[in-house]
Amino acid sequence: MIRSMTGFASASGTQDSWSWSWELRAVNGKGLDLRLRIPDWIEGLEVALRKQMTADVARGNITCNLRISSTESAGSQQVNTAHVDALLDALHEIETRAMDADVSLAPSRASDILTMRGVLEQTDQVQDIDGLREALLSEFPAVLSDFNAMRRQEGEVLAEIMQNQLGEIESLAAQAARLANDRKEDTAANLRRNLARVLDNSEGADADRVVQELALIAVKADVTEEIDRLAAHVAAARALIEQGGPVGRKLDFLMQEFNREANTLCSKAQSTELTTVGLALKAVIDQMREQVQNVE
């Protein structure tokens, strides 16, 4: 089954004090371009995620967003007892000297001491980063699976559209074959006129050159080879769609061949009806190529 290069998936989870949310988005791209926006303080997470995505996705510009938050505070405060003891000793000495100098001081309050620098210290809480990383890595495959499921669903729609377009190409090629067959007598008459013109002007001309000119006239009037190639390209495109997997590049190359045959058919048409069919072929091929640009 083919897959589209566009897709989306989201998920969220929790563990202990941690909570997180995933978001995967993808648009068309010539190759595989992974853009991961994840916290850099979880060691090894980005490398592991890239490995999973590279193994499961072939093409597309993919953005992976991960947001993490914690219900716990960054840390708590505690009293620096050694610093407080030093402050109390200093206060006692100050009060003693003030009494000796007959100076009256206001009583010291605990709230005043708490506001002094160094009395309270911030302590960091130790959080389980390793456990968080393992939880994220175990959850991500499900997110990636949902992402690829959406791409497969869009791929089914693309496959149906392209199969219908291949049917149109096949029908138009068959119509071109009938028109080419119907104009055989006119083509033969034109060839005889061109032959007579060459022979009338061949006096003194190189015999090999005359033969080449005649062969060129015959080739320019025959569209059988182009019609046969279109049929072969239709079969090859259907086989690729049935094969599935990352066949977008191969289909894109094949569309170039489709377009080349349609252009040649138009240049050889030599009739309004066949030119009209050739232009219709070019239009359908162009529409199909737009769909192919979405295939992984």
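Predicted model: local features only at pLDDT ≥ 70, side-chain atom pairs only at ≥ 80, totals over all residues.
Residues are numbered from 1 along each chain as its sequence is written, and side-chain values use heavy atoms, with hydrogens and water left out.

**Entry 1: the overall count**

I looked up the elements and found nine helices and six strands in the protein. Helices here are DSSP runs of H or I with at least four residues, strands are runs of E with at least two, and both are numbered from the N terminus. Of the 296 residues, 34% are buried (buried is under 20% relative accessible area, exposed is over 50%, partly exposed is in between, with a 1.4 Å probe and protein chains only). I also checked contacts, meaning heavy atoms within 4.5 Å. Among contacts with a separation of 6 or more, 80% are between residues 24 or more positions apart.

**Entry 2: the hairpin**

Back to the strands of my opening pair. β1 (residues 7-15) and β2 (residues 18-27) pair in the antiparallel sense over nine bridges; two strands count as paired if DSSP finds at least two bridges between them. Together β1 and β2 form a hairpin with two residues between them.

Which residue in the turn has a positive phi? It is Asp16, with phi of about 55°. I flagged this value, as Asp16 is a residue other than glycine. Most residues other than glycine have a negative phi. Asp16 sits in the loop between β1 and β2 and counts as exposed because its relative accessibility is 71%.

**Entry 3: the whole sheet**

Next I traced the strand order. Four strands make an open sheet, β1-β2-β4-β3, with mixed pairing. β1 and β3 (32-37) are the edge strands, each pairing on one side only. On average, neighbouring strands of this sheet are turned by 10° against each other, direction ignored. For angles, I kept in mind that axes are lines fitted to C-alpha atoms, for helices over the stretch in contact, and that angles run from 0 to 180 degrees between N-to-C directions.

β3 pairs with β4 (residues 60-70) in the parallel sense over six bridges, and Arg37 has Asn65 in β4 as its bridge partner. Helix α1 (residues 45-56) packs on the sheet and touches β2, β3 and β4, its direction making about 150° with that of β3. Helix α4 lies across β1, β2 and β4, running at about 35° to β2.

**Entry 4: α4 against α9**

I followed α4 (residues 129-182) to α9 (residues 272-292): they pack at an angle of about 165°, with axes 10 Å apart. That angle is why α4 is roughly antiparallel to α9 (under 35 degrees is roughly parallel, over 145 roughly antiparallel, 65 to 115 roughly perpendicular, and the rest oblique). α4 passes α9 in a left-handed crossing; the near helix is then turned anticlockwise from the far one by less than a right angle, whereas clockwise is right-handed.

The residues of this contact divide into 17 nonpolar, four polar and two charged. Here Ala, Val, Leu, Ile, Met, Phe, Trp, Tyr, Cys and Pro are nonpolar, Asp, Glu, Lys and Arg are charged, and the others, Gly among them, are polar.

**Entry 5: two residues in α4**

Is Met162 buried or exposed? Met162, which lies in α4, is buried because its relative accessibility is 0%. Not counting residues up to four places away in sequence, Met162 touches Ile2, Ile241, Leu251, Met288, Gln291, Val292 and Val295. Met162 and Ile285 are 123 residues apart in sequence and 9.9 Å apart in space, C-alpha to C-alpha.

I then looked at Arg133, also placed in α4. Arg133 counts as buried because its relative accessibility is 16%. Leaving aside neighbours within four places in sequence, Arg133 is in contact with Ile42, Glu43, Gly44 and Leu45.

**Entry 6: α8 against α9**

Last, I checked α8 (residues 248-268), which packs with α9 at an angle of about 165°, axes 9 Å apart. α8 is therefore roughly antiparallel to α9, and α8 passes α9 in a left-handed crossing. The contact includes Leu251, Met255 and Phe258 of α8 and Leu281, Ile285 and Met288 of α9. By class, this contact of α8 with α9 has eleven nonpolar, six polar and three charged residues.
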